[in-house]
Amino acid sequence: LQISCGMQENRICTAAEEWQCMDTTSSSKLLIKGGTVVNADRQQLADVYIEDGVIVAVQPNIQVADEVRILDASGKYVMPGGIDPHTHLEMPFMGQTAIDDFFSGQAAALAGGTTMHIDFVIPSNGSLAEGFEAYAKKAEKSCMDYAFHMAVTSWNEGVARDMEILVKEKGINSFKFFMAYKGSLMVNDEVLLKGFKMCKDLGALAQVHAENGDAVAEGQSRMIKLGITGPEGHALSRPSMLEGEATARAIRLAKFVNTPLYVVHVMSIDALDEIVRARKSGQRVIGEPVVSGLVLDDSKLWDPDFMIAAQYVMSPPIRSSGHNQALRAALSTGLLQLVGTDHCSFNSTQKEAGLNDFRKIPNGVNGIEERMHLIWDVMVNSGQISVMDYVRITSTACAQIFNIYPRKGAILPNSDADIIILNPNATFQITAKSHHSKMDTNVYEGWAGKGKVEVTISRGKIVWEHDRLMIQRGSGQYISMPPFGYLFDGIDKIDSTYLSSLKAPVYRRGI
Ligand SMILES: NC(=O)NCCC(=O)O
Ligand SMILES: [Zn+2]
Ligand SMILES: [Zn+2]
């Protein structure tokens with residue numbers, strides 16, 4: 001069956017793509033009635049009234065005119081849409097391009113209750129500005145709101161100048177430094193120091209992929225020499241101590257510069273311990289675990305079928321099972337602050353590039369569609385976190401850290417109407433046969449759980465209901481993220497305390 005497409009000129013969609021063709025028909029006025037409205041700081045039985053994409057009122061028993069569409073949410077949770085702080089849509093990486101683009105990846109996100117994501121821009125030909133323009137172009141097909149972090153992969157005057165322009169004119173307030181991927185994205189300590197200093201001056205958050213890339217390269221050669229060429233070699237070549245070392249180093253350099261630090265995809269106890277130690281000392285360090293690191297373990301990397309094992313190759317690697325438990329515990333008590341996905345999807349054909357050498361398997365797993373369901377199932381259903389905590393770690397904390405709260409991450413008057421309705425008694429099932437990503441596999445294949453996102457509302461429009469997507473190419477908007485978020489409050493005072501604590505230098509007369 002083929003149907004003609006109303007969304008894209010001259011395009012015929014297969015039945016499987018039908019959802020891509022549906023128009024958004026929701027009225028501009030909407031009332032969500034009778035649900036439990038949950039924010040990070042309180043929950044209440046209330047109605048939510050929305051007009052023109054914005055929340056107008058949150059209170060019990062709101063009365064509306066007949067033309068307003070009413071959604072019954074009784075017995076269900078009404079929560080801020082998820083914000084995924086860590087995605088890589090259409091990322092050029094390891095000689096491939098991640099298969100989910102800004103339309104398919106976002107469609108998947110919306111079907112799973114995520115209404116905004118922050119993607120990492122990779123420089124083009126060494127230029128941050130060129131990279132930004134390329135990503136802005138790719139994102140024109142967006143069907144939900146998005147923002148960008150920028151990767152810094154080298155250092156020169158042009159990079160420093162572009163960082164300033166990106167912050168002051170383009171809505172970027174965070175820069176990622178890769179301490180791994182030697183020979184491609186990796187930077188050394190000198191670049192880290194210069195970059196961190198620039199971040200501090202601009203009020204932008206420094207982020208690190210923390211693994212010792214030199215040691216990883218050495219570990220990889222070791223494995224190849226031993227004849228270990230399969231996906232298990234990926235895990236064996238980059239043990240958790242290398243993640244711990246890089247995390248510790250980045251934390252100390254950030255302290256030396258006195259700038260806040262955000263550690264992306266925390267995958268091990270080793271990295272977690274360093275973050276907790278720093279936070280105990282009063283240092284401003286944010287730790288972001290990702291859903292794969294929280295709910296999976298490394299067992300599949302040893303599967304004798306390459307095509308299965310390769311699906312699980314990502315960096316830092318998915319660790320043995322004690323690590324995921326420790327990360328969940330830390331997230332539940334606020335030692336780690338928010339959860340991302342690192343959604344970076346490569347299909348079977350792309351993964352096959354590393355059939356004879358694990359170093360060539362493109363790194364990355366899916367998760368943008370599954371995060372909200374899995375965190376609910378594993379952490380709320382088990383009683384490990386409250387529903388308010390769920391909202392905090394999947395949405396609010398991200399909006400606060402990246403300085404877009406309460407426009408995003410809250411159900412409050414004047415906030416964007418990015419909302420999900422979750423039925424705690426309905427079940428969900430994950431399979432590549434029905435997911436919305438372009439991936440032909442899913443690392444969570446077969447997972448069946450309880451607590452289903454039944455409705456997703458993006459800027460006041462119902463985009464997911466009755467297991468159907470109603471989305472429109474190009475409707476997503478770029479969200480500018482202003483610099484000097486709350487993590488920068490008081491940083492200058494810490495600087496002056498440090499300066500005044502220095503003893504006056506003693507000038508000795510030469511003999
Ligand atoms: N994580 C991963 O394996 N792929 C995406 C790139 C990155 O975040 O390091
Ligand atoms: Zn990374
Ligand atoms: Zn990533």
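This is a predicted model: local features need pLDDT of at least 70, side-chain atom pairs count only at pLDDT 80 or more; totals for chains, interfaces and linings use all residues.
Asp467 lies in the loop between β19 (461-465) and β20 (468-469).

- Although Asp467 is not a glycine, its phi is positive, at about 60°.
- Asp467 counts as exposed because 10 other C-beta atoms lie within 10 Å, and the cut-off for an exposed residue is 12 or fewer.
- Strand β19 is mostly covered, as four of its five residues are buried.
- On one side of the pairing, β19 runs antiparallel to strand β18 (residues 448-458), and four bridges join the two.
- Ser458 has Lys461, in β19, as its bridge partner.
- β18 and β19 form a hairpin with two residues between them, and Arg459 in the turn has a positive phi of about 50°.
- β19 is also joined to β20 by two bridges, again in an antiparallel arrangement.
- Glu465 is paired through a bridge with Arg468 in β20.
- The hairpin of β19 and β20 likewise has two residues between the strands, and His466 there takes a positive phi near 50°.

**Surroundings of ligand 1**

- The residues around ligand 1 are His88, His209, His265, Met314, Ser315, Asp342, Cys344, Asn363 and Gly364.
- Sorted by class, this shell comprises two nonpolar residues, six polar residues and one charged residue.

**Lys176**

- An unreviewed UniProt entry lists Lys176 under "modified residue: N6-carboxylysine".
- Lys176 is part of strand β13 (residues 174-178).
- Lys176 counts as buried because it has 22 C-beta neighbours inside 10 Å, where the cut-off is 20 or more.
- Beyond its neighbours within four places in sequence, Lys176 is in contact with Phe120, His149, Ala151, Gln207, His209 and Val264.
- One of these contacts, His209, is also among the residues that surround ligand 1.

**Cis peptide bonds**

- The peptide bond from Ser315 to Pro316 is cis, with omega near -10°.
- Pro316 is located in the loop between α10 (306-311) and α11 (321-332), while Ser315 belongs to the residues around ligand 1.
- A cis peptide bond also leads from Tyr405 to Pro406, with omega near 5°.
- Pro406 sits in the loop between α14 (387-401) and β17 (419-429).

**Glu90**

- Glu90, a residue other than glycine, has a positive phi near 50°.
- Its place is in the loop between β8 (82-87) and β9 (92-93).
- Glu90 counts as buried because it has 21 C-beta neighbours inside 10 Å.

**The chain as a whole**

- Taken along the principal axes, the C-alpha atoms of the protein chain fill a box of roughly 95 × 55 × 45 Å.
- Of the 511 residues in the protein chain, 54% are buried.
- Among contacts with a separation of 6 or more, 76% are between residues 24 or more positions apart.

Terms used
Residues are numbered from 1 along each chain as its sequence is written. Chains are lettered from A and ligands numbered from 1 in the order in which they are written. A residue is near a molecule or strand if its C-beta atom, placed from the backbone, lies within 6 Å of it. Ala, Val, Leu, Ile, Met, Phe, Trp, Tyr, Cys and Pro count as nonpolar, Asp, Glu, Lys and Arg as charged, and the others, Gly among them, as polar. UniProt positions are given in the numbering used here, feature names are shortened, and annotations may be inferred rather than shown by experiment. Two residues are in contact if their C-beta atoms, placed from the backbone, lie within 7 Å. Two strands pair if DSSP finds at least two bridges between them.
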